[in-house]
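User: I'd like to go through a model with you, one question at a time. Ready when you are.

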Amino acid sequence: MKEFGEKSAEQNYVDRPGAYGLIIQNKKIMVIEIEGYFFLPGGGLDKGETHEQGLQREIREETGYDITITKFAGEAAQYMYSYRERKYFRKVGYFYQVDLLEKKQTPGEKNHVVRWEDNSVARKLLTHEFQSWAVAQYT
C-alpha cells in the first residue's frame with residue numbers, strides 16, 4: 001500500500017479507515033471545503049460499517065446526494081497528527097469511483113462547501129497527500 005506523510009518511530013499511530021469518493025462531472029472533480037481545508041467527499045468509517053455503507057453515509061451527510069459506487073479505485077495511507085483529537089493517526093483511505101444519483105436531503109454538515117475543480121487544481125488544493133495521489137492515479 002502506498003503511504004504518505006512522515007512516520008515517527010517514537011509515536012504510536014491509530015489506524016483510521018475511511019472511504020472516499022472520486023466524483024467527476026463535466027470534467028471536474030468534487031471536493032469538499034471545510035474552513036479553508038479541502039478533502040475528497042467521504043470520511044471515517046463507523047464501527048461495523050462496510051466501505052460502501054460508510055461512503056454512502058458520508059456523502060449523503062456532506063452533500064445530500066445518494067450515490068452509486070461504480071468501481072474500487074485503490075487504497076493508500078496517510079500518517080498525520082490530529083491537533084483537534086491530539087492523536088497520531090494512520091488514515092487508511094479506500095477510494096471509489098462514484099456517480100451521484102438524486103439529492104435526497106439538505107446536507108447535514110453546515111460548514112461543508114461542495115466545490116467542483118479541475119483535476120490539477122483539486123490535486124493542489126487537497127489537504128492530504130493520499131487524496132491528491134488518488135485523484136492523480138484514478139481520474
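User: What percentage of the residues of the protein chain count as buried?

Analyst: Quick caveats: this is a predicted model, where local features need pLDDT of at least 70, side-chain atom pairs count only at pLDDT 80 or more, and totals for chains, interfaces and linings use all residues. Residues are numbered from 1 along each chain as its sequence is written, and side-chain values use heavy atoms, with hydrogens and water left out. Buried means under 20% relative accessible area (1.4 Å probe, protein chains only). Of the 139 residues, the share that counts as buried is 43%.

User: Which pattern does the protein chain follow along the sequence?

Analyst: Helices (H or I, at least four residues) and strands (E, at least two) are DSSP runs, numbered from the N terminus. There are three helices and eight strands in the protein chain. Read in order, that gives β-β-β-β-β-α-β-β-β-α-α.

User: In which sense do strand 6 and strand 7 pair?

Analyst: Pairing takes at least two DSSP bridges between two strands. Strand 6 (residues 65-82) and strand 7 share 15 bridges, with Phe72 standing opposite Tyr96 in strand 7. Four residues sit between these strands in a hairpin, and Arg86 in the turn has a positive phi of about 55 degrees. The sense of the pairing is antiparallel.

User: Which residue in strand 7 is the bridge partner of Tyr20?

Analyst: Strand 2 (residues 14-25) pairs with strand 7 (residues 87-103) in the parallel sense over 10 bridges. For Tyr20, the partner in strand 7 is Phe95.

How values were computed. Buried < 20%, exposed > 50% of the residue type's maximum accessible area, 1.4 Å probe, protein only.
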